[in-house]
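This report describes a single protein chain, from its overall make-up to selected residues. Please consult the sequence and the coordinates alongside the text.

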Amino acid sequence: MANSRNLLTCLLLCLIIPAQAQHFSLSRLFYPNLTLKADYTVPASLDGTRDYGLSRTGFFGIIPLQSEVQLGYSLRKKFDLRAVHTVAIAQYTQIQPTFDGKNDPSNGYKTLSLGVIRLQASIQDRLWVYGGGLGMTESNETFFSPQPFFWGGAARMHILGLRTQFMYGSVLAYNQKLRFIPVLGVNKGLGKHWRVSALLPFMVNANYKATKWFNVDFLAGLNGYSGGFQVQTPEEKALRRENYRQMKTGVAANAHLFSVLNVSVEAGVTTFRQLRTFNSARENLTSYTPATTPYIGASIRYITSRSSLSSKFMRRMSLGEGGINW
């Protein structure tokens, strides 16, 4: 699957935390790395009288926790031999909305999150992906009275030949209200250079691999944020919640350099945008549809290690193809 996030991580990013570079990869999930990223959305009309803009910066880290072969019981209570690979996912993102060029909130929103993803392959129960995590997105004023989000889910994966994977599952997520989301993922190689990936209903991606060190993504995906802020009135300090959603469509150029660096530059447009504010009783106070506008983004990923066990684990399950540049 194409660059930057795996299926369940991508779902987490699309639903409840600010999205990173929009492309994703299941094979890259299991290589420890640190990613720095930034994107900028050009201010556009919010309601005919004001402009709304958005910028984001942050980092994303994948930390290995476990890689081993185990002997135990399957779900059918039979002896089973299974291989497991588990990583922790840590993220910090700074989100800065602007209204007519002025920061609001003045120090933006900060997102902190921590999750765990586990890939398990066994003789009896085949291949499963499990995940879960929690975090919060808050302004400076509400940082010590946060409204946390959490998510958890599982997906069954089927490997159909050397170039095709198919997965289905569900995720339970909470961000102001509880949601149950069915997910369907597919990853299909087409010829020597093309690969198409989708996580429905959230993301679609087509990747063209020009060389071993350079590839291009054509992508579309849903993402946004939900952050708490505070309004000062003569009577009191009122807590508010701001929800933003958008669809991004764009092109990303990705280069793999010096064997340990992946550099990505991305550009496109954001559309189907919606900005809402709520009070502490979750009553809708305002609702806007900002105009379609261009965006640009960039990320750099440092691959901290590529253990032989991780590499072999990915190749045996047909998830890595010609290295991690996919």
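## Basis of the description

A polar contact is a pair of N or O atoms within 3.5 Å; within protein, one must be able to donate a hydrogen and the other to accept it, and residues adjacent in sequence count only if both atoms are side-chain atoms. The model is predicted, with local features requiring pLDDT of at least 70 and side-chain atom pairs counting only at pLDDT 80 or more, while totals for chains, interfaces and linings use all residues. Residues are numbered from 1 along each chain as its sequence is written, and side-chain values use heavy atoms, with hydrogens and water left out.

## Overall make-up

The chain holds three helices and 16 strands, taken as DSSP runs numbered from the N terminus (helices: H or I, at least four residues; strands: E, at least two). Of its 326 residues, 52% count as buried. Here buried means under 20% relative accessible area, exposed over 50%, and partly exposed in between, with a 1.4 Å probe and protein chains only.

Accessible areas come from the Shrake-Rupley method with a 1.4 Å probe; for residues, only the protein chains shown count as cover. Considering contacts (heavy atoms within 4.5 Å) between residues at least 6 apart in sequence, 59% join residues at least 24 apart.

Asn-187 belongs to strand β9 and is classed as buried because its relative accessible area is 2%. Its side chain makes a polar contact of 3.2 Å with that of Arg-195, and another polar contact of 3.2 Å links the side chains of Asn-187 and Ser-197.

Val-186 is also placed in strand β9; its relative accessibility is 31%, so Val-186 counts as partly exposed. Together with Leu-160, Phe-166, Tyr-168, Leu-184, Leu-200 and Val-204, Val-186 makes a nonpolar surface patch of about 550 Å². Strands β8 (164–174) and β9 (178–190) are the elements that give two or more residues to this patch. Patches are made of residues with over 30% relative accessible area and no salt bridge, with like charges joined within 9 Å and nonpolar side chains (Val, Leu, Ile, Met, Phe, Trp, Tyr) within 5 Å. A salt bridge is a side-chain nitrogen of Lys or Arg within 4 Å of a carboxyl oxygen of Asp or Glu.

## Two buried strand residues

Gly-115 lies in strand β5 (residues 109–122) and counts as buried because its relative accessible area is 6%. Apart from neighbours within four places in sequence, Gly-115 contacts Val-87, Ala-88, Ile-89, Gly-132 and Gly-133. The C-alpha atoms of Gly-115 and Gly-135 are 8.5 Å apart, with a sequence separation of 20 residues.

Asp-217, in strand β12 (residues 214–232), has a relative accessible area of 0% and is therefore buried. A polar contact of 3.0 Å connects the side chains of Asp-217 and Asn-207.

## Aromatic pairs

Across the whole structure, 12 aromatic pairs are found. Trp-213 and Phe-214 form a tilted pair, with 5.8 Å between centres and 55 degrees between planes. Rings of Phe, Tyr and Trp (its six-membered ring) pair if their centres lie within 6.5 Å; planes under 30 degrees apart count as stacked, over 60 as edge-to-face and the rest as tilted.

Trp-213 is partly exposed at 49% relative accessibility, and Phe-214 is partly exposed at 26%. One aromatic cluster is formed by Tyr-52, Phe-99, Tyr-109, Tyr-225 and Tyr-244.
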